[in-house]
Amino acid sequence: QPPADYPAWALDHVDAELKAAALVLDVGCGPGLYVRRLRARDVPCVGVDLSPGMIREVGRGLVCDAIRLPARTGSADVALAMHFLYHVPDIAAAVRELARVVTQDGTVLVGTNGPMHHRRVPETLAFAAGVDALQKPGDRFHLGNAVRFLRPHFGVVVEDVVRSQVVLTDPEPFVRFVASCSELYEALLPSGTNWDVL
């Protein structure tokens, strides 16, 4: 609350650039949330993701690593990096690659979370595992430190923030969400901790 259409809000920031774009790369496109919206607007867009399963969801796209994009230098007018840079092992290399593939006056739209995003997940898991704290994987690249990664590669970095919160009246959605996070958190738990028992 308040309700927010985050993808629409984000894309509004580059509306003029998208209308004039000959090529948009959605790097780390996941299942194609932005690709579908751009295609619906007749924006020429290519989804790129490390996961073949995600590219199958997109329909057309490229399976590749974000630090080795199969695109010529300066070939994209706009590149999107929406909520994925915190997953990349070498964030600085991925940002350099984004800067490489856009034209000299191109635009890179980066989306990430605030440092408090999903904070209850690692807090809950740490409590259940009997440890003081667990690092949230998203802490590697968030609103508080993103500029440090971006500024060396882009002439202008502009920040904007949408503020909302998830309000739950029933714990079941939270329990299901935490259960779905095993891939992100299980390796961070103390040795011998059984995720299924936790």
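Mentor: Let's start where two helices touch: from α6, Arg120, Val121, Thr124 and Leu125 meet Phe174, Phe177 and Val178 of α8. Sorted by class, that α6–α8 contact has five nonpolar, one polar and one charged residues. Keep in mind that this is a predicted model. Helix α6 covers residues 120-129 and α8 covers residues 172-179, and they pack at about 80 degrees with their axes 11 Å apart. An angle in the range 65 to 115 degrees counts as roughly perpendicular, and α6 and α8 are therefore roughly perpendicular to each other.

The largest nonpolar core has 26 residues, and the ones touching the most other members are Leu25, Val27, Phe84, Leu85, Val95, Leu98 and Phe141. Two or more residues each come from β1, β4, α5 (91-101), β5 (102-111) and α7 (146-150). Helix α5 gives the largest share, five residues. Zoom in on Val27: leaving out residues up to four places away in sequence, Val27 touches Val48, Ala66, Leu69, Leu80, Ala81, Met82, Phe84 and Leu98. There's also a second, separate core of 18 residues, with Val14, Cys29, Val43 and Val58 among them.

One more helix to look at is α3 (residues 33-40), whose buried residues are Tyr34, Val35 and Leu38. They span an arc of only 100 degrees around the axis, which puts them on the same side of α3. Those buried residues pack against α1 (6-12), α2 (15-20), β1 (24-27), β2 (45-49), α4 (52-58) and β4 (76-82). Just past the end of α3, Asp42 has a positive phi of about 60 degrees.

Definitions and conventions
Residues numbered from 1 in each chain as written. Predicted model: local features only at pLDDT ≥ 70, side-chain atom pairs only at ≥ 80, totals over all residues. Heavy atoms only, no water. Buried < 20%, exposed > 50% of the residue type's maximum accessible area, 1.4 Å probe, protein only. Helix = DSSP H or I, 4+ residues; strand = E, 2+ residues; numbered from the N terminus. Arc of directions from axis to C-beta. Contact = heavy atoms within 4.5 Å. Core = buried A, V, L, I, M, F, W, Y, C linked by side-chain atoms within 4.5 Å. Axes fitted to C-alpha atoms, helices over the stretch in contact; angles between N-to-C directions. Parallel < 35°, antiparallel > 145°, perpendicular 65-115°, else oblique. Nonpolar A, V, L, I, M, F, W, Y, C, P; charged D, E, K, R; others polar.
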